[in-house]
Each structure stands twice: as structure tokens, then as C-alpha cells.
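This briefing concerns the packing of helices and the surroundings of selected residues. Please examine the sequence and the structure before reading the points below.

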Amino acid sequence: MRRVEQQVLQPKHVIDKVDWFDKLREVRVEKHDLNLLVMDYFVKQGYAEAAEAFQAESRTEPVSIGNKVVRVDLATLASRTAVRDALHKGDVMRAIQMLDQLDPQILGVRPELCFALQQERLVGLIQSGNVEEALVFAQEQLAPKGEANPVFLEALEHTLALLAFADPAAAAASPVGAKLGLGDDSGRRRATALDLNAAVLSHQGGLRADQTNPSTTEPALQLLLKEMLWRQK
């Protein structure tokens, strides 16, 4: 116990800012390692065209860096990119269909992500004035999920409240619209796309739905920058 107390009471070693940057400048990273970091970034972010171009330019094989470096088939990357692009364009049902083609279990074991995608679909139907279709979709697809999960039920009620607004702009400016992120459609879809991308990467990496591993879903370059910023504090 005394030994633990002594370790805790030891003063924190502080490096001067100038010395810190001097040490950073002394670090030498091999070009091959840098290329792997860049390729890993393109692969995990789903930039298929960039990964293909970088492969041709640098002769770096498509890889994903986690606990080990894993070779990646660019065909699967293109599929993941297509799902993300469909979501960004608001074609949620197309995104769901392509996800099911990749593997039905991706959404099957992730009810939160499945609900978020279907909620996005419902928002689109309401905003485009397809009230009857929106009500049918809500009753058939979302209501059963709401009955089983109070969080889903509350989200569904907020979404259906948009029906009270004839003008989509007024709905977006309302408290309900703000809660749903209607003022920033691209930002809302981008956030959902990030969750979707992480889910596909986790699934392809062999993780269960209740498991998380940043090295599987986040680019190694991003994790290194986070660690560097943490150490600088």
C-alpha cells in the first residue's frame, strides 16, 4: 500500500513546450509507414476512389490497421461507400437494402442504428408531404420498435409531431425540429453515416454489436493525433 501511495504522490514529469516540439522533430517515420497510415485512413473513412488512386501512386496495398495490419478488398470498400452516399442523398431505403446485401446481421443486431435509419426515412416522407405513406411506414416499421423501447417511442412521437407543420421550414425552426436536427440535414445524415460506417467496420472486424474497439473503427492516424494531443496537455 505504501508503495502505491509513493507512486501516486510522485510529481508529474512536465516537458517544456519547446523541448516537446524539438523531440517531435527528431522523430523519423519511414515513408512506408506513413503510406500505410494514409491508406488506413482512406479505407476506414470509406474513400474508395482515393484509396484506389493512392494505391496506384504509392504502390501501397489497401490495408486496415488495428491490432494487426489486414489486407482489404477494395470491392467491399466500394460497397460501404455506396451505402454512405445513398444515405447522404436521403435515399435511406436504398442504403438499408445495400446494407442487407452486405450482411443482414449488421442491422439485425444493432436496433439503435436500424431505428435511426428508419426514423430518417420517416422524416423524409413527412418533409416531402407524403403524409399517408409516412403514417403507414411509422405504424408498420417504427411503432413495434417503440412499443418495445421507450427511447424509440419518444423519438417516434417527436418525429410524428412534425405532421403539425405544413411548412418544412417552420418545422425545422421549431423546438421539435431542433431536437431532431432538422436545421442541419447534412450534419444529421453525416452523423448517422459515421455510426453506420463504424457498424460495418465493427462487423467486418468480427466484433459483436455490444463491443467497441477504436482501432477497428477509427483511422490509426486519427488515434495517433488524439494521443499526441492528450500527451501535450
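Ser-79, Ala-82, Val-83, Ala-86 and Leu-87 in helix H5 meet Val-92, Arg-94, Ala-95, Met-98, Leu-99 and Leu-102 in helix H6, where contact means heavy atoms within 4.5 Å. By class, this contact of H5 with H6 has 9 nonpolar, 1 polar and 1 charged residues. The model is predicted: local features need pLDDT of at least 70 and side-chain atom pairs count only at pLDDT 80 or more, while totals for chains, interfaces and linings use all residues. Residues are numbered from 1 along each chain as its sequence is written, and side-chain values use heavy atoms, with hydrogens and water left out.

**Helices H5 and H6**
- Helix H5 comprises residues 74-88 and helix H6 residues 92-102; helices are DSSP runs (H or I, at least four residues) numbered from the N terminus.
- The axes of H5 and H6 come within 7 Å and cross at roughly 160 degrees; axes are lines fitted to C-alpha atoms over the stretch in contact, and angles run from 0 to 180 degrees between N-to-C directions.
- H5 is therefore roughly antiparallel to H6 (an angle over 145 degrees).

**Residues in helix H10**
- Leu-153 lies in helix H10, residues 150-160, and counts as partly exposed because its relative accessibility is 37%.
- Thr-159 also lies in H10 but is buried, with a relative accessible area of 0%.
- Buried means under 20% relative accessible area, exposed over 50%, and partly exposed in between (1.4 Å probe, protein chains only).
- Beyond its neighbours within four places in sequence, Thr-159 is in contact with Gln-119, Leu-122, Val-123, Ile-126 and Leu-180.

Terms used
Helix = DSSP H or I, 4+ residues; strand = E, 2+ residues; numbered from the N terminus. Parallel < 35°, antiparallel > 145°, perpendicular 65-115°, else oblique. Nonpolar A, V, L, I, M, F, W, Y, C, P; charged D, E, K, R; others polar.
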